[in-house]
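Visitor: Could you walk me through this one before I set anything up with it? I'd like to begin with the backbone and then move on to the side chains.

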Amino acid sequence: MPHSSLLANTTTENLVLGEQLLLWSLRRWAEAVTQEGCPHCAIVEPFALIKAEAVAEALHQSLLLLMKPGMAVTRLHRPSVAVIAEDESRFLLAAGAAYHGDPDLAARLLSGGAGSEAATALGKALQALGVLLARHGLSLPQRLPPVVRLARPVNSAPLSAWAAVDANAGMALVH
């Protein structure tokens, strides 16, 4: 199973609170962009309720970077949908990796394996977001197996082509 599919097609009830809030915010933000609304305004309210407006701002800045060309998150569900799309799964896995101190992995997950300045900036922005989430008691799990976290791309092929986990042997396959 490609690691970006670890959460895909599962439901939001299988996520921890921090992931649920990020996913809902990602969807609300994207919905506001497509409807020419205010994306920051669309996500700030739930964070304001827990006095975490800085988290909303950091998420907004991260999502602005996510809109740069070459990023791998393009297909999202509406906020009310319970199933998680593959691109949403990729975003949550990247946020979890950055939360746990690996912004480079986050950048690779979201840029399809091809390094870029925008991807590096996004990885760092997600790490800063993780710090703010932790300060407000919201955690993100590290859902990627250790062997995938160690894999590095050898070219700019899509991430699914360079790192997959062999469930039987538990090793990373790098193409």
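Guide: A place to begin is K51, which sits in the loop between α2 and α3, where helices (H or I, at least four residues) and strands (E, at least two) are DSSP runs numbered from the N terminus. This is a predicted model, in which local features need pLDDT of at least 70 and side-chain atom pairs count only at pLDDT 80 or more, while totals for chains, interfaces and linings use all residues. Residues are numbered from 1 along each chain as its sequence is written, and side-chain values use heavy atoms, with hydrogens and water left out.

Visitor: What is the phi of K51?

Guide: K51 has a positive phi of about 55°, although it is not a glycine. The residue is exposed, with a relative accessible area of 68%; buried means under 20% relative accessible area, exposed over 50%, and partly exposed in between, with a 1.4 Å probe and protein chains only.

Visitor: And E36, where is that one?

Guide: E36 is in the loop between α1 (17-34) and α2 (39-49), and it has a positive phi of about 55° although it is not a glycine. With a relative accessible area of 75%, E36 is exposed.

Visitor: OK, zooming out: how many helices and strands are there?

Guide: The chain has eight helices and two strands, and along the sequence they follow the pattern α-α-α-α-α-α-α-α-β-β. Of its 175 residues, 46% count as buried. Taking a contact as heavy atoms within 4.5 Å, 65% of the contacts between residues at least 6 apart in sequence join residues at least 24 apart.

Visitor: What's the mean pLDDT, and where does it stay under 50?

Guide: The mean pLDDT, which is the predictor's confidence in each residue from 0 to 100, is 77 for the chain, and 74% of the residues reach 70 or more. Over residues 147-175 the pLDDT stays under 50, and for that stretch the model has 55 contacts beyond four places in sequence.

Visitor: Switching to charges. How many salt bridges turn up?

Guide: A search of the whole structure finds five salt bridges, each being a side-chain nitrogen of Lys or Arg within 4 Å of a carboxyl oxygen of Asp or Glu. One of them pairs E88 with R27, with the closest N and O atoms 2.7 Å apart. That pair links distant parts of the chain, since E88 is in helix α4 and R27 in helix α1, 61 residues apart.

Visitor: Are those two buried or exposed?

Guide: E88 counts as buried at 0% relative accessibility, and R27 also counts as buried, at 2%.

Visitor: Which residues does E31 pair with?

Guide: E31 forms a salt bridge with R28, where the closest N and O atoms are 3.7 Å apart, and these two, being three residues apart in helix α1, are separated by about one helical turn. The side chains of R78 and E31 also meet in a salt bridge, at 3.4 Å from N to O. R78 lies in the loop between α3 and α4 while E31 is in helix α1, so this pair ties together parts that are 47 residues apart in sequence.

Visitor: Which cysteines form a disulfide?

Guide: C38 is joined to C41, with an S to S distance of 2.4 Å; the rule asks for a pair of cysteine sulfur atoms within 2.5 Å, and by it the count comes to one disulfide. The torsion about the S-S bond is about 70°, so the disulfide is right-handed. C38 is partly exposed, with a relative accessible area of 38%, and C41 counts as exposed at 51%.

Visitor: Last one: what does S62 touch?

Guide: Leaving aside residues up to four places away in sequence, S62 touches L122, A125, L126 and L129. S62 is found in helix α3 and is buried, with a relative accessible area of 1%.
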